[in-house]
Amino acid sequence: MPDTTGVYHAAYIAAAGIYIAYVASLWTRGRRVRERMAAARDEANRAAAESLPHGGVNRPVTTPRTPE
Amino acid sequence: MTSVPLSARPARECKPLFGWLFALAVVAVIGVYIRAIYFTPLEALQGAAQKIFYLHLPAWLAAYIGVGITALMSIVYLWLHDERADRLAEASAEVALIFLTVGLTTGPLWGHAIWGTWWAWWDLRLTLTLFLWFVVAAYLILRGAAEDPAMRARYSAVLGILGALLIPFIHLSVYFSDARLHPMPVVLKPSAPSLPPEMLTTLLLAFGAFTLLCFALIRARYLLGERRDALAELEMERDL
């Protein structure tokens, strides 16, 4: 029987390496998209708030005038 | 365009990419590695290199599943114009490319040990599998190059269907020519598999584990695509 242990180990390590690298790539891409999404959402919410009178904050409270 | 506030929208993009299915697949693949390495006997003529079989063949099966789903979803997209079908086709193609790469990496290593050569262009199966790798890679490059989503989906769907047409030729290629390195099928053939029971059990477990891994990766890649599309929508709305 020929000694082919080296090749067998190389194949098992190479296959595991390819799978692990792909999972790491998916994870990294997922995290990057999530961060960009959070930034875009913050920016959109800030823009929406700024478009309101007084920037959406410290709005003057209007009290109903009491009849004299 | 609807005026639903961004903060009030359902957070579909927040679903985790790797769920219980992925965890189950990882456990199954680790189990197959342990069984193949420690609990499966050595083949008398080839020695340890024959154990590459338990990674090589399931990788091809998973690749065929990926290419098959790509073709099926491409047909569904061309018929119904549903963007979810296009997204699933893209996810399956990318995962198929990973399994094809594993097959094309482990194969020459095994071939060098047993046949005495890394590659032979006159072996139809080797050449056709490399051609399939190029078709799937071209599918993904085409998707990256086309900007218009409808055009991208339509053109890549045609390529996705054409790629799957290679699979029967690859499987049957050993019957077409006598000048070949690949043996006749020992498992996927009309008669009973010609393998000892311990080896057949390991192989069937490997088929199950890598098929599970294939589906788990396709799911993760699909969710990533969904998240990416949601981001594109959000950025487009922000820039308006």
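Reader: How do the axes of H4(B) and H5(B) cross, roughly parallel or roughly antiparallel?

Author: The axes of H4(B) and H5(B) come within 9 Å and cross at roughly 175°; axes are lines fitted to C-alpha atoms, for helices over the stretch in contact, with angles from 0 to 180 degrees between N-to-C directions. Angles under 35 degrees count as roughly parallel, over 145 as roughly antiparallel, 65 to 115 as roughly perpendicular and the rest as oblique. The crossing therefore makes H4(B) and H5(B) roughly antiparallel.

Reader: On what basis is the model read?

Author: This is a predicted model, in which local features need pLDDT of at least 70 and side-chain atom pairs count only at pLDDT 80 or more, while totals for chains, interfaces and linings use all residues. Side-chain values use heavy atoms, without hydrogens and water, residues are numbered from 1 along each chain as its sequence is written, and chains are lettered from A and ligands numbered from 1 in the order in which they are written.

Reader: How many residues of the contact of H4(B) with H5(B) are nonpolar?

Author: Contact means heavy atoms within 4.5 Å. Among the H4(B) residues that meet H5(B) are B:Leu132, B:Val135 and B:Tyr139, and their H5(B) counterparts include B:Tyr155 and B:Leu159. Ala, Val, Leu, Ile, Met, Phe, Trp, Tyr, Cys and Pro count as nonpolar, Asp, Glu, Lys and Arg as charged, and the others, Gly among them, as polar. Two residues of this contact are charged, three polar and nine nonpolar.

Reader: Which residue forms a salt bridge with B:Arg143?

Author: A salt bridge is a side-chain nitrogen of Lys or Arg within 4 Å of a carboxyl oxygen of Asp or Glu. B:Arg143 lies in helix H4 (residues 124-145) of chain B, and its partner, 57 residues apart, lies in helix H3 (residues 83-114) of chain B. At 2.8 Å, N to O, that partner is B:Asp86.

Reader: At what angle do the axes of H5(B) and H6(B) cross?

Author: Helix H5 covers residues 149-164 and helix H6 residues 166-176 of chain B; helices (H or I, at least four residues) are DSSP runs, numbered from the N terminus. B:Leu162, B:Gly163 and B:Ala164 in H5(B) meet B:Leu166, B:Ile167 and B:Pro168 in H6(B). The two axes come within 4 Å and cross at roughly 20°.

Reader: How much area is buried between chain A and chain B?

Author: In this interface, 30 residues of chain A are in contact with 46 residues of chain B. Buried area is the accessible area (1.4 Å probe) that two parts lose on being put together, summed over both. Carbon and sulfur atoms give 74% of a total of about 3400 Å².

Reader: Which residue of chain A meets B:Glu94 in a salt bridge?

Author: Across the interface of chain A and chain B there are two salt bridges. In one pair, at 2.7 Å, N to O, B:Glu94 meets A:Arg29.

Technical notes. Helix = DSSP H or I, 4+ residues; strand = E, 2+ residues; numbered from the N terminus.
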